[in-house]
Amino acid sequence: MKKIVVAAAALVKNDKLFIAQRPANKQPPLVWEFPGGKPENNETLPQALRRELQEELHVDTEIGDFIMKVNHSYDFAEVEINLFWATLKNPNDKIIDNEHVATAWISMNEVDNYEFAKADIELIKKLKQTGFSLKVS
């Protein structure tokens with residue numbers, strides 16, 4: 001089975017977490033996820049994440065501490081998600097996302113209102129335990 005390694009961001013601003021809804025034509029479709037993407041050309045995971053956030057969201061970010069890694073088997077691939085804390089370098093920057101169906105800044109008590117990708121469920125549990133406290137070095 002194909003393995004996909006992904007760097008993802010727990011992007012936090014004012015105690016809110018940024019999430020994005022996957023398009024209908026991408027697997028898994030229409031579920032919510034953490035923004036991010038796959039490393040290219042010997043990039044480290046933090047380098048790949050910073051590049052992906054620039055490409056997908058049109059913002060410059062600070063990538064912080066590693067939170068955790070999760071492996072999940074879908075019928076189309078084995079996915080490894082590496083989640084990192086992240087913040088906007090300029091908190092006044094507006095996210096312009098043309099990759100996803102919808103985006104949201106959510107608080108801790110709103111997390112359960114969204115259907116996340118199965119691979120993200122363990123990551124959500126971890127964030128509920130630790131909170132959205134800012135952990136960017």
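Modeller: A20 has E33 in β3 as its bridge partner. This is a predicted model, where local features need pLDDT of at least 70, side-chain atom pairs count only at pLDDT 80 or more, and totals for chains, interfaces and linings use all residues. Residues are numbered from 1 along each chain as its sequence is written, and side-chain values use heavy atoms, with hydrogens and water left out.

Biologist: How many bridges join β2 to β3?

Modeller: Two, and the strands run antiparallel. Strands are DSSP runs of E, at least two residues, numbered from the N terminus. They pair if DSSP finds at least two bridges between them.

Biologist: And what about β2 and β7?

Modeller: They pair antiparallel over five bridges.

Biologist: What do β1 and β2 form?

Modeller: A hairpin, with two residues between them. N14 in the turn has a positive phi of about 50 degrees. K13 stands opposite K16 in β2.

Biologist: New topic. Which residues lie nearest the centre of the largest pocket?

Modeller: V6, R22, Q27, E33 and K38, out of 26 lining residues. A pocket is an open set of points on a 1 Å grid over the protein atoms alone, where a 1.4 Å probe fits, with protein on both sides within 12 Å along at least five of seven lines; lining residues have an atom within 4 Å of a point.

Biologist: Which strand gives the largest share of that lining?

Modeller: β1, with three residues.

Notes
Helices (H or I, at least four residues) and strands (E, at least two) are DSSP runs, numbered from the N terminus.
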